[in-house]
Amino acid sequence: MPKEIVCFGEMLWDLLPTGKVPGGAPMNVAIHLTYQGQKVRLISRLCHDELGRELILFLREKGLDLALVQVEQTHPTGTVVVNTANKTEVQYSIVAPAAWDFITYEPEAAQTVSRCDAFVFGSLAARQEITRQTLRQYLPLSNLNVLDVNLRPPFYSQELLEDLLTQAHIAKMNHHELAEIRGWYGVPVDAQESMRFLVRRFGLDLLIVTRGEHGALALQGDQFFEQAGFTVDVADTIGSGDAFLATFLALHLNNSPVPEALKQACRAGSWVATKAGATPIIDWDALAALDQSPAPDLE
């Protein structure tokens, strides 16, 4: 059954050596959720410039609802310079300021958030005061807040992450981000112990940690789940985490058990890594044929 999901935050262009491609984690998640038949609304902001107009055309072709996307004349549509020299550890240089730094509160958007099944937001969107304050107004309205942690220097702080984690019900981060966050508190290196600490400290219902080619971990209540990765030839990892989150959330909201949602999410993320760009249309038959990699020992 389709769920109503709101994605809040950046929409932009990733500027790759081979040319520009649409990007931004919340936008990528929204597109992948749309692929999977969910009812998605995107809250963001862009400029009425050439890049903004191209992005609107792209999203309309994807079937995304743009009624809550704000358009302005002052700040440029967002861009990110992407370095893909290391295919498995892509580097991003995020231009600031951008239009999505100035998302303002709107009553229609607030009503949509209050009735949605899930509100997905990322830490990067909170880098500037105006969008951060708008996000803080929407978070108490939602019944299920899903935080996508994106630690992009210099656009975060421990204080900001603690604020966002406190208001989240579900949080997703990668293993590098888990390592940095646990370092703030002197938590042991063990991944399970670190995850238990974060769940207890911030009152999370569910914590997910992606591990690249090694799959993912999840902690729900007292139950740990581990999913091995899948063997693929990587083109680039742009959007892999977004496909993972969208797939997991679509299944989770429709009552799939966590192990099944985790497995299919890892499949989706791995398959997207075999393609250039963040939002290729997923070939579900190809996903089913992926071979599982051996699971590594937990850290």
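Guide: Helices (H or I, at least four residues) and strands (E, at least two) are DSSP runs numbered from the N terminus. This is a predicted model, in which local features need pLDDT of at least 70 and side-chain atom pairs count only at pLDDT 80 or more, while totals for chains, interfaces and linings use all residues. Residues are numbered from 1 along each chain as its sequence is written, and side-chain values use heavy atoms, leaving out hydrogens and water.

The pair to look at is helix H1, residues 25–35, and helix H8, residues 240–253, whose axes lie 8 Å apart at an angle of about 50 degrees. H1 and H8 are therefore oblique to each other, since angles under 35 degrees count as roughly parallel, over 145 as roughly antiparallel, 65 to 115 as roughly perpendicular and the rest as oblique. On the H1 side, the contact (heavy atoms within 4.5 Å) is made by Ala-25, Asn-28, Val-29, His-32 and Leu-33. H8 answers with Asp-242, Ala-243, Leu-245, Ala-246 and Ala-250. Sorted by class, the contact of H1 with H8 has seven nonpolar, two polar and one charged residues (nonpolar: Ala, Val, Leu, Ile, Met, Phe, Trp, Tyr, Cys and Pro; charged: Asp, Glu, Lys and Arg; polar: the others, Gly among them).

How covered is H1 itself? Nine of its eleven residues are buried, meaning under 20% relative accessible area, with exposed over 50% and partly exposed in between (1.4 Å probe, protein chains only). The buried residues of H1 are Ala-25, Pro-26, Met-27, Asn-28, Val-29, Ala-30, Ile-31, His-32 and Leu-33. Just after H1, Gly-37 takes a positive phi of about 85 degrees.

Beyond the other helix of the pair, the loop between H8 and helix H9 (258–273) holds Asn-255. Asn-255 has a positive phi of about 70 degrees although it is not a glycine, and its relative accessibility of 68% is why it counts as exposed.

Two peptide bonds elsewhere also deserve a look. The bond from Ala-96 to Pro-97 is cis, with omega near -5 degrees, and Pro-97 sits in the loop between strand E7 (91–94) and helix H3 (107–115). The bond from Pro-153 to Pro-154 is cis too, with omega near 0 degrees, and Pro-154 belongs to the loop between strand E9 (145–148) and helix H5 (158–166).

A second packing can be set beside the one you asked about. The axes of helix H6 (residues 175–183) and helix H7 (residues 191–202) come within 10 Å and cross at roughly 65 degrees. Leu-178, Ile-181 and Arg-182 of H6 meet Ala-191, Ser-194, Met-195 and Leu-198 of H7 there. That contact of H6 with H7 divides into five nonpolar, one polar and one charged residues.

Finally, the setting for these parts. The chain has ten helices and 15 strands, and its C-alpha atoms fill a box of roughly 50 × 40 × 40 Å along the principal axes. Buried residues make up 55% of its 299 residues. Of the contacts in the chain with a separation of 6 or more, 70% come from residues 24 or more positions apart.

Key: Axes fitted to C-alpha atoms, helices over the stretch in contact; angles between N-to-C directions.
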